[in-house]
Amino acid sequence: MEERYEGPDILSADLAGLMADPVFENEKKFRVKQVYEWLHRKNAASYEEMTNLPKALRERLAEKRPLLGCVKETMQESKIDGTRKYLFRLHDGNYVESVFMRYHHGDSVCISSQVGCRMGCAFCASTIGGLTRNLTPGEMLSQIYMIGRDTGERISNVVVMGTGEPLDNYENLVRFIRMLTDENGLNISERNVTVSTCGLAPKIRRLREEDLQINLALSLHAPTDEMRRTIMPVANRYSLDEVFDALLYYYEGNRRRLTFEYSLIAGKNDSAECAKLLAGRLSGINCFVNLIPVNPVTERDFKAPDTYFVQEFKKLLEKYGIHVTIRREMGRDIDGACGQLRKRYVKK
Ligand code: SAH
């Protein structure tokens, strides 16, 4: 693995940070704004492209503030629905995955928040090698910028549902969201940003204090603590009561409808009894359940229920008055489960 560059990271600096950077000491303010615009609105991948800057400044920046963004390594595009799965190379030789999806309501990007993950969920491919490191705000932004550059499309929705536990990289995540939704950057609406967490209760509470209008999704996957502990180690740290208290506290802050993700695993959490217990847990909460037939991971022995049973589970929840969506299967013909593309690649 290459050595990690430890100097100032220009892509992670907001406009005020850039203004204060000594590298711009003798520059006019509008020059700094131009650089910020190239980096955060025009998806620049190098200083050379910043043609309205003096050559000397471009060269100084290239030397003193190397761009630590993502570089496209490979991309797979689904012939069925145009979904694209990207594998990006980071400056230290690590890799992360991101996904581009087209929806009726606009284009959406799913980003990774860490290289690997230490949460250890039994069904998830991203956690198999543990956590390598956190992503910086710039690396999270860069996934979106480079996809915007590659597709030429305007991205309107961002979900933090790729590899990693976003709330385990809290400070960088919040900084990333502030820069993403800043009017000097992509200016994406906070309401169009969703963060998915396995349920780090204290961090959920802390997130409320940031006063953001972002949506929160909880990876629930089981209706009881007992069952949840068998597939999600984090359930040993925080009980469902603690997590739900934190979620409701968050909800009181911005009143954004909560999402509960529920990956259906055949013979594990897909019984009528589970649906009933789940409905009981969620009754009275402004939320919907997103059912995800589990994606088989080579190293794991989990299977999704047949479509018929997925539909039955949905109908049961609806009977109890719960709103349900089944995650639309995007890009069925490209590397399936989260983290699989990266794993396949890194192994080579
Ligand atoms: N750490 C965050 C983001 C994880 S990925 C979280 O836990 O929410 C986004 C969602 O995909 C989570 O709900 C995760 O539990 C789920 N997931 C991971 N691997 C899966 C698989 N093989 N099949 C179905 N869902 C999976």
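Helix axes are lines fitted to C-alpha atoms over the stretch in contact, and the angle between two of them runs from 0 to 180 degrees between N-to-C directions. In these terms, helix H4 (residues 137–151) and helix H5 of the present predicted model pack at an angle of about 45 degrees, with their axes 8 Å apart. The two helices are therefore oblique to each other, and their crossing is right-handed. On the H4 side, the contact is made by Pro137, Met140, Leu141 and Ile144, while H5 contributes Asn172, Leu173, Arg175, Phe176, Met179 and Leu180. Classified by residue type, this contact comprises eight nonpolar residues, one polar residue and one charged residue.

Helix H9 (residues 272–282) and helix H10 (residues 307–319) pack at an angle of about 35 degrees, and 9 Å separates their axes. The crossing of H9 and H10 is likewise right-handed. Here Ala272, Cys274, Ala275, Leu278 and Ala279 of H9 meet Phe313, Leu316 and Leu317 of H10. The contact of H9 with H10 consists of eight nonpolar residues, with no polar and no charged ones.

Two of the H9 residues in that contact, Cys274 and Leu278, are also in contact with Pro223. Pro223 is found in the loop between strand S9 and helix H7 (225–231). With a relative accessible area of 3%, Pro223 is buried, since the buried class covers values under 20%. When neighbours within four places in sequence are left aside, the contacts of Pro223 are Leu240, Tyr262, Cys274, Leu277, Leu278 and Arg281. Pro223 is 86 residues from Pro137 in sequence, and their C-alpha atoms are 34 Å apart in space; Pro137 is one of the H4 residues in the contact with H5.

Turning to electrostatic pairs, a search of the whole structure finds 20 salt bridges. One of these joins Asp21 to Arg65, with the closest N and O atoms 2.7 Å apart. Asp21 lies in the loop between helix H1 (15–19) and helix H2 (29–40), and Arg65 in the loop between helix H3 (55–64) and strand S1 (71–77), so the pair ties together parts of the chain that are 44 residues apart in sequence. Both partners, Asp21 and Arg65, are buried.

Arg118 and Asp168 form another salt bridge, again with a distance of 2.7 Å between the closest N and O atoms. This pair links distant parts of the chain, 50 residues apart: Arg118 is in the loop between strand S5 (114–116) and strand S6 (131–134), and Asp168 is in the loop between strand S7 (155–160) and helix H5 (170–180).

In the salt bridge between Glu210 and Arg178, the closest N and O atoms are 2.9 Å apart. Arg178 counts as partly exposed, at 38% relative accessibility. Finally, Lys72, Glu77, Arg84 and Asp150 are linked in a network of salt bridges.

Note on methods
Residues numbered from 1 in each chain as written. Predicted model: local features only at pLDDT ≥ 70, side-chain atom pairs only at ≥ 80, totals over all residues. Heavy atoms only, no water. Salt bridge = Lys/Arg side-chain N within 4 Å of Asp/Glu carboxyl O. Helix = DSSP H or I, 4+ residues; strand = E, 2+ residues; numbered from the N terminus. Buried < 20%, exposed > 50% of the residue type's maximum accessible area, 1.4 Å probe, protein only. Parallel < 35°, antiparallel > 145°, perpendicular 65-115°, else oblique. Left-handed = near helix turned anticlockwise from the far one by under 90°. Contact = heavy atoms within 4.5 Å. Nonpolar A, V, L, I, M, F, W, Y, C, P; charged D, E, K, R; others polar.
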